[in-house]
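Please look at how the aromatic rings of this chain are placed relative to one another. A pair of aromatic rings is described by the distance of the centres and the angle of the planes.

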Amino acid sequence: MHQRPFKQIDVFSDRPGYGNPVAVVLDADGLSDSDMRRFAAWTNLSETTFLMPPTDAGRAAGADYRLRIFSPNGELPFAGHPTLGTCQAWLQAGHRPQQDGMVIQECALGLVRIALSGDTLAFAAPPLKRSAPSPALVPLIASALGLRPQQILGAQMLDNGPVWLGLLLDSADTVLGLHPDHARLKDLGQDVGVIHVGPAASNTTQPGVVVRAFAAPMGNPEDPVTGTLNASLAEWLIADGLAPRSYLVAQGECLGRAGRVHIRQDDDHQLWVGGRAVTCIEGTVLL
């Protein structure tokens, strides 16, 4: 076992305790898969990340570092807030990207670009696969959420690594007023993201969109602020003309958080998901 540099970063907030935390081990060389799984279970956060040098193939493709991401239940190919939080920790440790203004992360999903702009980081959303949900699933999920059919304006299965059932709801009050049956959602085995796009959503100076993420099957009844879900919801809704190309999301209010997620689709139709991050804990961990 070794003393390894460690940080805990709060993502999608510039105020400690108001975003979504990720634990970051900055030097994971020599750790086995079981070491990483055990430590991630011990931190009991939604995700813990482990930094290491890129593989030979990743380095040849321009990667600045390699990242492995673990939930308490196992490894993930990609996740949004761990990507931004780990990038923040890597930069704070004194590293600099090969390309000005752009960090290239290698992870199980492949290479992920992270744009640097002032004190905001934004990842390039991975490609989205989407489809219509099973007609039998939506009523079951609606019942577990306490929704009436007329409150659901649209539904899609969304897959950009994690798989979510996305539900477009009729009002912010509907989103914020949900009191889900988390045990029922866990039995149904489907993570669910709900969103409302307000009439002033294109004014990005204030949050015009509200989101909640229910992930009981992953062991997390409600996630405070969720990068991959916001990415997949945005790709769906922008493509279908149901949301503007840029907007600001509020997520986490029902948990006492104040997460802010910046969504922007560029002229090449690449979606960027960004926010701020703040270091809450730093030191070493014996691992």
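This is a predicted model: local features need pLDDT of at least 70, side-chain atom pairs count only at pLDDT 80 or more; totals for chains, interfaces and linings use all residues.

**Phe-39 and Phe-50**
- Phe-39 and Phe-50 form an edge-to-face pair, with 6.3 Å from centre to centre and 70° between the planes.
- This pair links distant parts of the chain, since Phe-39 belongs to helix 1 (residues 33-43) and Phe-50 to strand 3 (residues 48-52), 11 residues apart.
- Phe-39 has a relative accessibility of 6% and therefore counts as buried, and Phe-50, at 0% relative accessibility, counts as buried too, the cut-off for buried being under 20%.

**Phe-50 and Phe-70**
- Phe-50 also forms an aromatic pair with Phe-70, and this pair is edge-to-face, at 5.8 Å centre to centre with 85° between the planes.
- Because Phe-50 lies in strand 3 and Phe-70 in strand 4 (residues 65-71), the pair ties together parts that are 20 residues apart in sequence.
- Phe-70 has a relative accessible area of 1%, so Phe-70 is buried.

**The cluster**
- Phe-39, Phe-50 and Phe-70 are among the members of one aromatic cluster, which also includes Phe-6 and Trp-42.

**A charge over a ring**
- Which residue lies over the face of Tyr-18?
- Arg-15 lies over the face of the Tyr-18 ring, at 3.9 Å from the ring centre.

Note on methods:
Residues are numbered from 1 along each chain as its sequence is written. Side-chain values use heavy atoms; hydrogens and water are left out. Rings of Phe, Tyr and Trp (its six-membered ring) pair if their centres lie within 6.5 Å; planes under 30 degrees apart count as stacked, over 60 as edge-to-face and the rest as tilted. Helices (H or I, at least four residues) and strands (E, at least two) are DSSP runs, numbered from the N terminus. Buried means under 20% relative accessible area, exposed over 50%, partly exposed in between (1.4 Å probe, protein chains only). A charge sits over a ring if NZ of Lys or CZ of Arg is within 6 Å of the ring centre and within 35 degrees of the ring normal.
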